[in-house]
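Please look over the sequence and the structure shown below before reading on. The report that follows takes up a few places in turn.

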Amino acid sequence: MLTADNLIMKVDYGKTGTYFYLVGLILIGIFLPTSKFGLSVSQFYLLALWLLLGLDMRAVNKMFMEKPLVNRILSRIAVSFKGIWFNIKTRFNDFLHNKVAVVMVSIYVMHFVGLIFTSDFQYAFKDIRIKLPLLVFPIILSSMKPLNRKQFDAVLWFFICSVFFVTILGTIKFLRRDFVDVRELSVFVSHIRVSLCIVFSIFILGYYLVRRNYSPIMKAVVVVLIMWFLCQVLILESFIGVLIIAALCIVLTLYFIFRTKNRIARICSIIVAVAFMVMLFSYPYKIIRDYNTPEKVVVEQLDTHTKLGNPYVFDTIRYGIEDGRYVGLYLSKQEMMDAWNARSDKKINREFDDGYASLVRYLTSKDLRKDAEGVSQLTDDDIRNIENGISNYNYIENPGIKTRIMKIMVAYGNYKKSKDANGSSVFQRVEYIKASLNIIKENPLVGVGTGDIADAFANYYEETDSKLLPEYRFRSHNQYLAIAVAFGIVGLLWYLFALLYPAVADKKNRNYLYLIFMFIMMLSMFTEDTLETQIGVTLFAFFNSFLVFAMPLDVDEKSSESEQQIREEIPDRRDPYSE
């Protein structure tokens, strides 16, 4: 409940100012999954409000009403700048007296400290510019008033609706088969960031389903949205999204088991948790087993020639296994290539030409023979897919976790045989981890500095004669390793401290929404360098601040609709957002 003890006085900016502030927060929520430009504009808008809200321009106009026009203008400007300076001093003072906000900003300050060890200042200042949200949001939100519950929920609902809009566009592309890679189903920003937004939306909706007294119709809408978003995670083949959802479900179930005093409910929860974990491990195990276990081949029963009379080749060694089938069965190379060249402008004349491997694998995925008859059964869409480098029918027609695992298995076979990670995001990450650990080993305490990260990785790839192609020679793809590369073990320890401090320092931050968000972000940082992109760093910085500083004090109280109505109709003078 609201009390005089936990109330922090802020610069007053009234109901109108609150609405302007709320609009700024809503715009951030809308643009997070949709627009980098919109995010930049929204942050400047919030910064302008931070400077201007609280100025009483009507009083200024009345004060200088009788002066000549020029004097009135100059006087208004002078008083306005004085008011802005007062806002800056007061609000920055509020920020400085908020330990949690200061610790949050220290992550950004760490990048300035890293300039001491930097030689490439051009890259360093670009990196500092991208990470500005780490500075902007804690300062602004910690020095503004908290929202009430309706305002807080409004921001989250606009965020959820924006994520839903993005998934609708992606679904349209999916139904039209207007994509080569499932990453393209995320229309505006990286599919990884969209996946994190989807996962967070799922758990926000789950929270609302339990903690809000919605009508049955509204609850049905929430359930439908949860199911929709779960399907979207699968369609996007977001392995990290599925892992986060699974991990959170297990954690929440265990939490319920330890908290509930009902013996029957506890037993049922344990059974559900065990069944879920068995399914979680058995499903990928079955996919991998089926992938690597083709049907037994009886040589005597195999056809030896195509319908055109050409002999088949049966190579079960060199071509390997894919989708539980021998890729090298029923292979008539020249006949297949001739049939292909009759249908496609992208000619294949030799086994080593571009497109040959894709053609053979695609025919295998459709369980077609590698001959003229098999090629004739390909649709025009199949031909276009193969021309675009798609090597498996399921990659377009059946995207999902099963297909994602099969892609990983193909990449694993290539990596095991040749140590070539090109084109596989999973095994490229293995190379990035190796590079990161070696760079950290050379600079263990304070790292290479803010601006020398790219040079450090480039030098490593050159010195080790890496097989990665130039377009795949990226950085850590792991935020913890990225911090350790730039700032050493010392910087990594401080970074971990800054991530955990808000929940440790204040009990009110140990609420469901904040803990869920931090769990999602911290787990995602094992596979992504989240803070190295504009969308990623804004997603983290905004909600990390919003769920701490804008959170209403009664967010976890489950009050009835009548209580809420009374609370809104009879404002408490101690309430910072009452008039």
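Which residues line the largest cavity?

## The largest cavity

In this predicted model, a search of the whole structure finds three cavities of 30 Å³ or more, and the largest cavity holds about 70 Å³ of space. Its lining consists of Val-166, Thr-167, Gly-170, Thr-171, Leu-185, Ser-186, Val-194, Ile-198, Gln-232, Ile-235 and Leu-236.

Helix H8 (149-176), helix H9 (191-211) and helix H10 (216-235) each supply at least two residues of this lining, and H8 gives the most, with four residues. Sorted by class, the lining of the largest cavity has six nonpolar and five polar residues, and no charged residues.

## The second largest cavity

The second largest cavity has a volume of about 50 Å³, and the residues that line this cavity are His-111, Asp-127, Lys-131, Thr-450, Ile-453, Gln-479, Ala-482, Ile-483, Ala-486, Phe-487 and Glu-532. Helix H21 (residues 479-505) gives the most to the lining of the second largest cavity, with five residues. By class, that lining divides into five nonpolar, three polar and three charged residues.

## Charges over rings

Arg-177 lies over the face of Phe-174, at 4.4 Å from the ring centre. In another such arrangement, the charged end of Lys-407 sits over the ring of Tyr-395, 4.9 Å from the centre of that ring.

## Leu-308 in a loop

Is Leu-308 buried or exposed? Leu-308, which is found in the loop between helix H12 (263-292) and strand S1 (321-322), counts as exposed because its relative accessibility is 61%, and the cut-off for exposed is over 50%.

When residues up to four places away in sequence are not counted, Leu-308 touches Glu-335 and Ala-372. The C-alpha atoms of Leu-308 and Ala-372 are separated by 8.1 Å, although the two residues are 64 residues apart along the chain.

Notes: Residues are numbered from 1 along each chain as its sequence is written. This is a predicted model: local features need pLDDT of at least 70, side-chain atom pairs count only at pLDDT 80 or more; totals for chains, interfaces and linings use all residues. Side-chain values use heavy atoms; hydrogens and water are left out. Buried means under 20% relative accessible area, exposed over 50%, partly exposed in between (1.4 Å probe, protein chains only). Contact means heavy atoms within 4.5 Å. A charge sits over a ring if NZ of Lys or CZ of Arg is within 6 Å of the ring centre and within 35 degrees of the ring normal. On a 1 Å grid over the protein atoms alone, a cavity is a set of points where a 1.4 Å probe fits but cannot get out, and a pocket is an open set with protein on both sides within 12 Å along at least five of seven lines; lining residues have an atom within 4 Å of a point. Grid points are joined across faces, edges and corners, and a volume is the space filled by probe spheres set on the points. Ala, Val, Leu, Ile, Met, Phe, Trp, Tyr, Cys and Pro count as nonpolar, Asp, Glu, Lys and Arg as charged, and the others, Gly among them, as polar.
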